[in-house]
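Please look at the sequence and the 3D structure shown below. The paragraphs after it go through some parts of the chain in turn.

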Amino acid sequence: MVKIINIAKDFSDSPGARYYDDGDFSGQQFRDEILLKFFDTYDEIIVNLDGTEGYATSFLEESFGGLARLKGIDLVLKKIKFISE
């Protein structure tokens, strides 16, 4: 099964920084509330990066790097795919 996540539509069109304490729509929040919610259920997760105002590197690192620390880099690389125009 495949899950498509559009960050702008399913989370926020203005993602924030790294941690919950850094403000709304943090990478930690995206990882905990979106990615982890679907990670064990789906064989593949396609993440659409389009439609936001941009991304802080800390948001991306905490979202996807944090996921890799929790679930293992090999499994994350196998399951997560990105699309962007």
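The model is a predicted one.

Begin with helix 3, which covers residues 57-71. At 1.5 Å a residue, its 15 residues should span 21 Å, and the end C-alpha atoms are 20 Å apart, which agrees. Just after helix 3 comes G72, with a positive phi of about 100°. The buried residues of helix 3 are S58, F59, E62, S63, F64, G66, L67 and A68. They pack against helix 2 (27-39), strand 2 (44-48), helix 4 (73-79) and strand 3 (80-83).

Is S63 buried or exposed? S63 counts as buried because its relative accessibility is 0%, and the cut-off for buried is under 20%. Apart from neighbours within four places in sequence, S63 is in contact with G27, F30, R31 and L35. A polar atom of the S63 side chain lies 3.3 Å from the backbone oxygen of G27.

Now move to A17, in the loop between helix 1 (7-10) and helix 2. A17 has a relative accessible area of 25%, so this residue is partly exposed. Which residues does A17 contact, leaving aside its neighbours within four places in sequence? They are D22, S26, G27, S58 and F59. A17 and E62 are 45 residues apart along the chain, while their C-alpha atoms are separated by 8.7 Å.

The last topic is the aromatic rings. A pair of such rings is described by the distance of the centres and the angle of the planes. There are eight aromatic pairs in the model. One of them is the tilted pair of F30 and F59, at 5.7 Å centre to centre with 35° between the planes. This pair links distant parts of the chain, since F30 is in helix 2 and F59 in helix 3, 29 residues apart. F30 is buried, with a relative accessible area of 0%, and F59 also counts as buried at 0% relative accessibility. F59 pairs with Y55 too: the ring centres are 5.8 Å apart and the planes are at 35°, so this pair is tilted. Y55 is partly exposed, with a relative accessible area of 24%. F30, F59 and Y55 belong to one aromatic cluster, together with F11, F25, F64 and F82.

Two lysines also lie over ring faces: K3 over F38, at 4.5 Å from the ring centre, and K79 over F39, at 4.5 Å from the ring centre.

Note on methods:
Residues are numbered from 1 along each chain as its sequence is written. This is a predicted model: local features need pLDDT of at least 70, side-chain atom pairs count only at pLDDT 80 or more; totals for chains, interfaces and linings use all residues. Side-chain values use heavy atoms; hydrogens and water are left out. Helices (H or I, at least four residues) and strands (E, at least two) are DSSP runs, numbered from the N terminus. Buried means under 20% relative accessible area, exposed over 50%, partly exposed in between (1.4 Å probe, protein chains only). A polar contact is a pair of N or O atoms within 3.5 Å; within protein, one must be able to donate a hydrogen and the other to accept it, and residues adjacent in sequence count only if both atoms are side-chain atoms. Contact means heavy atoms within 4.5 Å. The expected span of a helix is 1.5 Å times one less than its number of residues. Rings of Phe, Tyr and Trp (its six-membered ring) pair if their centres lie within 6.5 Å; planes under 30 degrees apart count as stacked, over 60 as edge-to-face and the rest as tilted. A charge sits over a ring if NZ of Lys or CZ of Arg is within 6 Å of the ring centre and within 35 degrees of the ring normal.
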